[in-house]
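Me: I'd like to learn how to read a model like this one, feature by feature. Can you walk me through it?

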2 protein chains.
Amino acid sequence: MSDVYIIGAGETKFGELWERSLRELAVEAGLKAVENAGIYSRDVQILYGSNSLAGIINGQENIGALISDFSGIAENHIPAIRIEASTASGGAAVRQAQLAIKSGEYDVVMVGGVEKMTDVYGSEILDLTSSVLDREWEAFFGATPAALAAITARKYMTDFNVDKEALAMISVNDHLNASKNPDAQYKNKITVEQAMSSTPVAEPLNLMDCSPITDGAAAIILASEKYVKKNKIDGVKIRSSADAQDYLAVHSRKSIYSLESTRLAGRLALEKAGLKLDDISFVELHDSYSIYGLLELEELGFADHGHAKDLVQDEIKLNGRIPVNPSGGLKAKGNPFGATGVGQFVEAYRQLKNKCGERQVKGAEYAMLHSMAGTGAMSVVHIVGGQ
Amino acid sequence: MSDVYIIGAGETKFGELWERSLRELAVEAGLKAVENAGIYSRDVQILYGSNSLAGIINGQENIGALISDFSGIAENHIPAIRIEASTASGGAAVRQAQLAIKSGEYDVVMVGGVEKMTDVYGSEILDLTSSVLDREWEAFFGATPAALAAITARKYMTDFNVDKEALAMISVNDHLNASKNPDAQYKNKITVEQAMSSTPVAEPLNLMDCSPITDGAAAIILASEKYVKKNKIDGVKIRSSADAQDYLAVHSRKSIYSLESTRLAGRLALEKAGLKLDDISFVELHDSYSIYGLLELEELGFADHGHAKDLVQDEIKLNGRIPVNPSGGLKAKGNPFGATGVGQFVEAYRQLKNKCGERQVKGAEYAMLHSMAGTGAMSVVHIVGGQ
């Protein structure tokens with residue numbers, strides 16, 4: 001089985017990009033990745049498209065074909081497949097792309113994630129994003145992702161005596177890092193007080209606890225060991241990749257705040273990489289809501305249950321023990337569902353190439369990337385870096 | 001690279017299954033496949049879900065998680081990924097599952113396809129199924145799959161002097177075969193006259209030229225060579241697998257009736273299999289509209305351009321030179337988008353195991369299975385059988 005390397009990465013600015021279409025965004029990211037890799041579009045042998053909501057929002061399925069067509073790759077007739085695992089689509093697509101390379105059938109693969117979420121009027125987006133939940137057993141009864149995150153937070157805060165400040169600190173850290181990321185949706189720094197006094201969304205979560213509605217696209221080029229050696233490319237190695245599933249509906253799970261899929265995928269990724277948590281230089285978390293930031297730190301092993309609050313003051317900062325979301329995370333870099341997980345790889349590639357300027361994690365060697373579906377139905381964890 | 005074998009297959013009845021839900025259908029097919037393979041659900045290591053429209057029709061994304069959950073597999077926490085390539089999702093999912101086995105990471109994989117299309121009122125389905133087209137450049141201007149098939153048929157019939165009877169014969173053959181398939185949506189035989197005098201849908205296509213709106217699910221279990229040998233399973237080998245892309249919108253393609261993706265994928269599948277067309281015992285075509293049945297026979301090499309009409313009287317019949325759609329095809333077995341391509345594998349598995357009773361293709365050795373996205377944006381061709 002071939003090792004797999006990231007050899008190029010690119011993304012659009014994340015944000016409310018009213019004037020730009022789904023396909024434009026996808027193409028921009030794809031071409032940037034191709035250019036960054038120093039290859040030609042025709043060198044790409046298969047395209048994995050990651051997208052969650054274009055069918056529902058834009059009435060457009062067959063996203064693989066769309067991207068391939070408008071990137072000018074269709075003329076080469078290479079296959080283009082869409083991978084969907086709701087908000088974990090990005091991580092899942094990167095994992096599938098690796099399997100394709102390890103199968104021996106492909107040497108150069110593009111993974112492109114895209115989402116165009118602002119094409120919907122007002123609160124309708126709430127119902128559309130609820131498609132990542134269990135439609136019949138959760139969303140039908142009025143549950144939304146924010147509502148489920150809120151009751152999870154309430155129970156967690158009660159059981160472990162955690163206050164809202166700990167949640168707010170996750171967002172404060174995201175905004176601080178995003179202020180140094182030109183691609184981020186929000187570049188304003190926020191204070192704990194601002195976060196805690198922002199508009200209530202679903203108690204105890206305020207606006208500043210919730211990732212925004214985002215348009216954006218991200219793409220990476222993966223290559224086999226053979227290709228990298230032959231062309232003397234200094235790629236970033238994907239050290240390990242793991243995914244795990246949990247029940248779709250929160251009420252079926254072990255407990256309301258256990259993210260079993262995250263725990264299992266994280267453990268497996270470390271095991272496959274032959275690494276310890278201490279080896280990880282920074283982590284990109286799927287903190288779609290601040291509560292998940294805390295829970296994920298615990299499930300991934302960085303803190304005991306109920307104790308992520310001890311990390312949020314200092315340790316998660318850029319120069320802390322375990323920097324969290326140098327990119328700005330889902331809260332501040334933004335959360336364009338299908339592009340979010342792929343965007344984590346763009347950040348990791350740039351960090352491990354020491355190209356992140358002000359937000360550079362000093363001496364970064366290994367990055368852990370965590371992509372999660374909805375409320376935790378699936379998690380994909382990758383460890384990238386090293387030789 | 002491991003060879004890959006089909007070791008079990010199952011499907012629901014295809015039809016207008018008003019009383020059954022998306023998840024029920026998926027689970028029934030999955031459990032039937034597991035039982036047929038003689039394994040336990042817990043033996044499955046990864047699940048590939050094939051689905052096109054559940055996000056749009058049922059407000060449910062994350063179909064992989066849904067199937068995994070309700071099949072009772074979620075408790076094992078194995079990954080579940082959705083593959084989407086519109087109406088080619090089935091073939092695409094089976095191909096991805098093979099890559100997963102060839103990567104060496106998995107030995108037993110389930111591919112489950114499902115679609116629940118009757119949960120929509122009246123003509124709304126027309127707009128929803130148009131999501132497989134180019135939304136902005138085709139569907140927005142009023143094009144539907146049927147309309148595009150119709151203008152394709154018109155131009156083809158004119159250029160090659162083909163009459164409506166040739167189109168009708170594709171459907172007559174489908175209905176005849178479906179009358180012998182207990183899982184088929186329509187078991188009534190039709191005559192050429194009935195087909196040609198049925199309600200006009202989009203001239204020159206009548207109702208009997210168009211595949212129906214179908215609910216249904218199909219599933220297969222794939223296993224590695226190692227697993228098959230160790231457990232002494234008499235599986236059906238997947239001899240080759242190939243996919244190719246074309247432009248998403250019909251107007252961008254080489255000509256209105258050239259299915260370039262089908263031609264390329266078919267050629268590549270034969271080449272990879274080391275076989276000639278004469279070796280193929282029967283073919284399952286993606287004949288969503290009768291015109292595509294003719295075009296596909298030509299693109300796959302069974303006839304020259306404009307000459308598929310010479311095959312439709314006798315050669316495509318069950319006992320003909322190249323039996324087409326012993327299952328009943330998309331017209332009469334039915335076309336539940338995400339399940340259609342997987343259902344072809346169910347048919348092939350049963351045929352090659354000599355279990356098809358009245359519709360058995362005598363001495364069937366190799367089957368060619370063709371799955372196509374929309375109007376031809378992508379095609380996936382598999383050849384199964386042999387040793």
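Predicted model: local features only at pLDDT ≥ 70, side-chain atom pairs only at ≥ 80, totals over all residues.

Me: How is chain A divided into domains?

Reply: Domain bounds come from an automatic or database domain assignment. Here chain A splits into domain 1 (4–121 + 214–237) and domain 2 (125–211 + 239–385). Their centres, taken over C-alpha atoms, are 23 Å apart.

Me: And how many residues of domain 1 of chain A are in contact with domain 2 of chain A?

Reply: Contact means that the C-beta atoms of two residues, placed from the backbone, lie within 7 Å. By that rule, 41 residues of domain 1 of chain A touch 41 residues of domain 2 of chain A. On the domain 1 side, helix 4 of chain A gives the most, with eight residues. Helices (H or I, at least four residues) and strands (E, at least two) are DSSP runs, numbered from the N terminus. That side divides into 20 nonpolar, 15 polar and six charged residues. For the classes, Ala, Val, Leu, Ile, Met, Phe, Trp, Tyr, Cys and Pro are nonpolar, Asp, Glu, Lys and Arg are charged, and the others, Gly among them, are polar.

Me: Which strands pair with strand 2 of chain A?

Reply: Two strands pair if DSSP finds at least two bridges between them. Strand 2 (residues 46–50) of chain A runs parallel to strand 4 (residues 108–116) of chain A over five bridges, and parallel to strand 3 of chain A over four bridges. Tyr48(A) shows both pairings: it stands opposite Val111(A) in strand 4 of chain A, and its bridge partner in strand 3 of chain A is Ile81(A).

Me: Is strand 2 of chain A mostly covered or mostly open?

Reply: Mostly covered: five of its five residues are buried. Buried means 20 or more other C-beta atoms within 10 Å of the residue's own, exposed means 12 or fewer, and partly exposed is in between, with C-beta atoms placed from the backbone. In a regular strand the side chains alternate between the two faces of the sheet. In this strand of chain A, Ile46(A), Tyr48(A) and Ser50(A) point one way, and Leu47(A) and Gly49(A) the other.

Me: At what angle do helix 1 and helix 3 of chain A cross?

Reply: Axes are lines fitted to C-alpha atoms, for helices over the stretch in contact, with angles from 0 to 180 degrees between N-to-C directions. The axes of helix 1 (residues 22–37) and helix 3 of chain A cross at roughly 65° and come within 9 Å. Arg23(A), Ala26(A), Val27(A) and Gly30(A) of helix 1 meet Leu66(A), Ile67(A) and Phe70(A) of helix 3.

Me: How many residues does each chain bring to the contact of A and B?

Reply: Chain A and chain B bring 50 residues each. The chain A side has 23 nonpolar, 17 polar and 10 charged residues. Strand 3 of chain A and strand 3 (residues 80–84) of chain B pair in the antiparallel sense over three bridges, with Arg82(A) opposite Glu84(B).

Me: Why does Thr375(A) count as buried?

Reply: Because Thr375(A) has 28 C-beta neighbours inside 10 Å. This residue sits in the loop between strand 10 (366–373) and strand 11 (378–385) of chain A. Leaving aside neighbours within four places in sequence, Thr375(A) is in contact with Leu133(A), Pro145(A), Leu148(A) and Val250(A).

Conventions:
Residues numbered from 1 in each chain as written. Chains lettered and ligands numbered in written order.
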